[in-house]
Amino acid sequence: MNRSDIPERVHPRLPGGFHLPPFGIHQFLALMIVCVSLWALGALWLGMQAAGQWVGGWQQDLRIHVYLPAKRAGAAEDLRQALEQVPNVASVRKITAGEAARWMESWLGDVGLSHRELVGRLPLTFELALAEDEEGFLFSDIRDAAERFGGMINDEEVSLARVNHWLSGLGMLAWFASLVLALAMSLIISNTLRMTLLARADEIHLMRLMGAKEWFVRMPFILEGALIGGAAGLLGWLLLWPLVWGAGDWLALLQVDLNAWLLFLPLVAGGGMVGMVGALIATASVASADSPV
Amino acid sequence: MTAGAGAATVCTMANEQTLIRMQQVMLRYPTGKTALSGITLDIPRGQFVYLVGESGAGKSSLLRMFYGGVRPSSGKLSVQDTDMREAGESRIRELRRHTGIIFQDHRLLFSRTVFENVALPLRVQGWKTERLIPRVRKVLEYVGLEDRLWSYPEALSGGEQQRVAIARAMTAKPAVILADEPTGNLDIETARRVQDYLMDLNRQGTTVIMATHDLQLLESHPGRVIQLHAGVLVGGDA
């Protein structure tokens, strides 16, 4: 449009097609509500990321160690067989004294203990790899087998394995919560757009009377839904940073380094998607009198 | 040319000249009310047609059928060579793009400027925005409102609002303008001015079909009169 034809401070806003409807208080409120929901979702997934790193930081692969005092070395073969027979133990590997001593030496660092000195002090060690579908009594069975031969299980590893197991369950819950919140956000946006649609019912009716195609009538509202969702996602993502910075020092102690950038695309694109779905729900049944049927 | 060929040519020409053809059209609403019954008539292109009759006679229903707002329950209705009982949604949309509609309450969008209101039919047809202003300015000049391009409808008088509605109806150069009591809310003098515009559009070749109660207009601005009573044709067209 030639601006010289248009007076100062006049901004023509033609309806339909790719032109957005005006932004009002209802849209702003919807944006805020969706932003808070997306922020909560982002915080939840940041928490999952932190928990995953904390567990994974101690033990990347899920392995349990069973120790047998050196004075009971004669029972080592029997213990190995007993451990192999525990259901859901995938494999049992005996760690040689030298390997254990080298690992201990590197872990302790520069404390003046030598490899040879350590070999004599360390117990016999078995490393157990677990099957993925662990059962509830797995760790008790391993403990029972170890204690039968005077050995012991590494309880800290068991605790971490249990935390890991709970985290898997929590991950499912987080996905479920994400889906429920996504649906709720879609409905909030849908409700907001429904109000806009009602306010613009005359305009929609007129456009249809003039032969407008359905995409032309609905597109502004779909764009608006996507924009509200996307903007809420962006705002929610920005508001995650104070959380990351605030908890950064404390998390560093736990060897956790949060990466909020990983949530940028899911929150912005997911927000846009949620908004678009809400808009599609809102515009699915926009009936006007005199619609061609 | 043989006699048969001559007759066929005459028939084809007659079809080309007929804008609306109705044969035994009946309209029954889902509520069970029969709005129109046994309507048979032709409306040639370029005519100025008045639909008259008491309230509830079926004038508005007839107009709605002409733009596909309702479909005939039985009979045959052809508008601009479109079978209105069989036409799909896209065909109806296409038909509406060649139809201007004026309402008694003008149905202007009060949150939008005169320009935005008048540009709406062209916007719907995908006109590029840079082409809109000259065209809208031209039609507003025609109805004497060129200086109101950027005003909002609430700043206009009733007569001016109805002239904006006329401008909106004519802006896409439709083949037919359907006017549902466009002068119903106006005083006599303003009604005559609005009627003058419609007559002038008709002289330029646009078919105008206008429902009205105002029998005085029929004398001052003569045209073909189709009279309805309780959903059936009465008078000369019956």
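**Interface of chains A and B**

I began with the side chains of B:Arg112 and A:Glu203, which meet in a salt bridge at 2.7 Å, N to O. For a salt bridge I took a side-chain nitrogen of Lys or Arg within 4 Å of a carboxyl oxygen of Asp or Glu. By that rule, one salt bridge crosses the interface of chain A and chain B. I then looked up which helices form the side of chain A that touches chain B: α7 (201-209) and α8 (214-238) each supply at least two residues. The largest share comes from α7(A), with seven residues. Helices here are DSSP runs of H or I with at least four residues, strands are runs of E with at least two, and both are numbered from the N terminus.

The model is predicted: local features need pLDDT of at least 70, side-chain atom pairs count only at pLDDT 80 or more, and totals for chains, interfaces and linings use all residues. Residues are numbered from 1 along each chain as its sequence is written, chains are lettered from A and ligands numbered from 1 in the order written, and side-chain values use heavy atoms, without hydrogens and water.

I counted contacts next, meaning heavy atoms within 4.5 Å. On this count 32 residues of chain A are in contact with 30 residues of chain B. The two chains bury about 2,900 Å² between them, and 59% of that is on carbon and sulfur atoms. Buried area is the accessible area (1.4 Å probe) that two parts lose on being put together, summed over both.

**Chain A overall**

Chain A has 10 helices and four strands. I read their order along the sequence as α-β-α-β-α-α-β-α-β-α-α-α-α-α. Of the 293 residues in chain A, 42% are buried. My classes are buried under 20% relative accessible area, exposed over 50%, and partly exposed in between (1.4 Å probe, protein chains only). I also checked contacts in chain A with a separation of 6 or more: residues 24 or more positions apart account for 82% of them.

**Helix α1 of chain A**

I looked at two residues here. A:Met32 sits in helix α1 (residues 25-58). It is partly exposed because its relative accessibility is 31%.

Leaving out residues up to four places away in sequence, I found A:Gln49 touching A:Asp257, A:Leu258, A:Asn259 and A:Leu262.

**A loop in chain A**

A:Ala73 lies in the loop between β1 (63-68) and α2 (76-84). At 37% relative accessibility, A:Ala73 is partly exposed.

**Positive phi in chain B**

Most residues other than glycine have a negative phi. I noted two residues with positive values. B:Asp81 has phi near 65°. B:Asp81 lies in the loop between β4 (74-79) and β5 (82-83) of chain B, and is exposed at 56% relative accessibility.

B:Lys173 has phi near 50°. I placed B:Lys173 in the loop between α6 (158-170) and β7 (176-180) of chain B. B:Lys173 is exposed, with a relative accessible area of 62%.
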